[in-house]
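These are my notebook entries from a first look around this structure. Come along and follow each stop in the viewer.

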Amino acid sequence: MRASSRLTRRAVLGLTAAALPVSAAAPAFAATVIGGDRLARGGIQVSGATGLPKKITARAWLLADCDSGEVLASYNAHRRLPPASTLKMLFADTVLKKFERTERYRVKDSDLSDVPAGSSLVGIKPGLTYTVEQLWQGVFLRSGNDAVHVLSHMNGGIARTVAEMQAKAADLQALDTHVVSPDGFDHKGQLSSAYDLTLFARHGLKDDDFRGYCGTRTADFPAGGKKTFQIQNTDRLLTGAWGLDVYKGLFGVKNGYTSHAGNTFTGGATRNGRTLLVTVMHPDPATNAVYEQTAALLDWGFGKGSSARPVGVLVDPLSEGGASASAAPSKGKGAAGASGTGAAGRSSSCWTAGPRRPPRRSRRP
């Protein structure tokens, strides 16, 4: 109980800091230890394996085993950077369970009035009726901020959704994350980290709807009347677009880009019964750099990285029994015995296999 109380006070302080200018509220690295002491350090962290890809230009990245939660290698894991549309993973973690897939909603002008200019859009039109499933396809496949805003208004509004996302991040122990908008668009002070984005993906993948949406390559989207148009997933490793090959075993999860954030991507792949997650943030500008560097880290993880000893762990949510983070680095032991490792994720699988569950009961606010 005492550790939980300390975390609650830190969460309150973090939310208070969120109101400060970004220069005051956003240190380069987290002040608390989440996932182990080594992850709080800058620079490359790896143990027991060699041969990491040399041409990784990302400002931060992390590679983890999805099932065990063990972090196999990282670079600036807790560095706080703009997340772009990868923040939509947290939006899905927060809102996805609230509405039935088959529920229908007629979009109003006011639902789209606050979509930022220059946003990525799926093409939602006021006056048309969409199923919740179609709205989520717009979020995951086309990274449509219009779909995010419609779902946010269904959830009680933008402010309410942002507050719920921040609370969800606190439960997931994603303390590097400050949410300003639900869509990940460029807003001053909107930040996350490679560690937190990987937490969002791992948590989401336990839900079969989340996994289904992020792995969908194409879908037919309403255009009015009986007309539809096809939308394609913007994840180039999933679809093989822009001159890239489809990455063997890849099933998603979310990419992002803004002019301020640059490219961000969290990808997951399964080979020979092992599932890995990689988050890459802000590589040097190049057409496919974020995907090429993700693929290189996945290749290493399935190959030479198989012998890597964990340098940290993706912690479990507090609501699922995860131990709270420590306030300062522990002394002596390395990552495997570090404070803040929580339940170490070792009792949680990355997702539950099996048939899709029936539509959820609506829980409108």
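**Ground rules.** I took helices (H or I, at least four residues) and strands (E, at least two) as DSSP runs, numbered from the N terminus. This is a predicted model, where local features need pLDDT of at least 70 and side-chain atom pairs count only at pLDDT 80 or more, while totals for chains, interfaces and linings use all residues. Residues are numbered from 1 along each chain as its sequence is written, and side-chain values use heavy atoms, with hydrogens and water left out.

**Entry 1: the whole chain.** I looked up the secondary structure of the protein chain and found eleven helices and eleven strands. Next came burial, where buried means under 20% relative accessible area, exposed over 50%, and partly exposed in between (1.4 Å probe, protein chains only). Of the 365 residues in the protein chain, 57% are buried. I then turned to contacts, meaning heavy atoms within 4.5 Å. Among those between residues at least 6 apart in sequence, 70% join residues at least 24 apart.

**Entry 2: confidence.** I checked pLDDT, the predictor's confidence in each residue, from 0 to 100. Its mean for the protein chain is 85, and 80% of the residues reach 70 or more. Residues 1-27 have pLDDT below 50, and this stretch has 21 contacts in the model beyond near neighbours in sequence. Residues 352-365 also stay under 50, with 34 contacts beyond four places in sequence.

**Entry 3: a helix pair.** How do the axes of H3 and H5 cross? I used axes as lines fitted to C-alpha atoms, for helices over the stretch in contact, with angles from 0 to 180 degrees between N-to-C directions. Helix H3 (residues 88-95) and helix H5 (residues 132-142) have axes that come within 10 Å and cross at roughly 155°. That makes H3 roughly antiparallel to H5, a label for angles over 145 degrees. On the H3 side I noted Lys88, Phe91, Ala92 and Val95 in the contact, and on the H5 side Trp136, Val139 and Phe140. These residues divide into six nonpolar, no polar and one charged.

I stayed with H3 to see how covered it is: eight of its eight residues are buried. Among them are Met89, Leu90, Asp93 and Thr94.

Entry 4: A reminder to myself: most residues other than glycine have a negative phi, and most peptide bonds are trans.

Alanine 84 has a positive phi of about 55° although it is not a glycine. I found alanine 84 in the loop between strand E3 (70-75) and H3. Is alanine 84 buried or exposed? Alanine 84 is buried, with a relative accessible area of 1%.

Tryptophan 242 also went on my list, with a positive phi near 55°. Tryptophan 242 sits in the loop between helix H10 (236-239) and E8 and is exposed, with a relative accessible area of 59%.

Which peptide bond did I mark as cis? The bond from glycine 252 to valine 253 is cis, with omega near 20°. Valine 253 belongs to strand E8 (residues 250-258).

Entry 5: I ended at alanine 286, in the loop between strand E10 (274-281) and helix H11 (289-302). Alanine 286 is partly exposed, with a relative accessible area of 43%. From alanine 286 to glycine 262 I counted 24 residues in sequence, and the C-alpha atoms are 9.9 Å apart in space.

Note on methods:
Parallel < 35°, antiparallel > 145°, perpendicular 65-115°, else oblique. Nonpolar A, V, L, I, M, F, W, Y, C, P; charged D, E, K, R; others polar.
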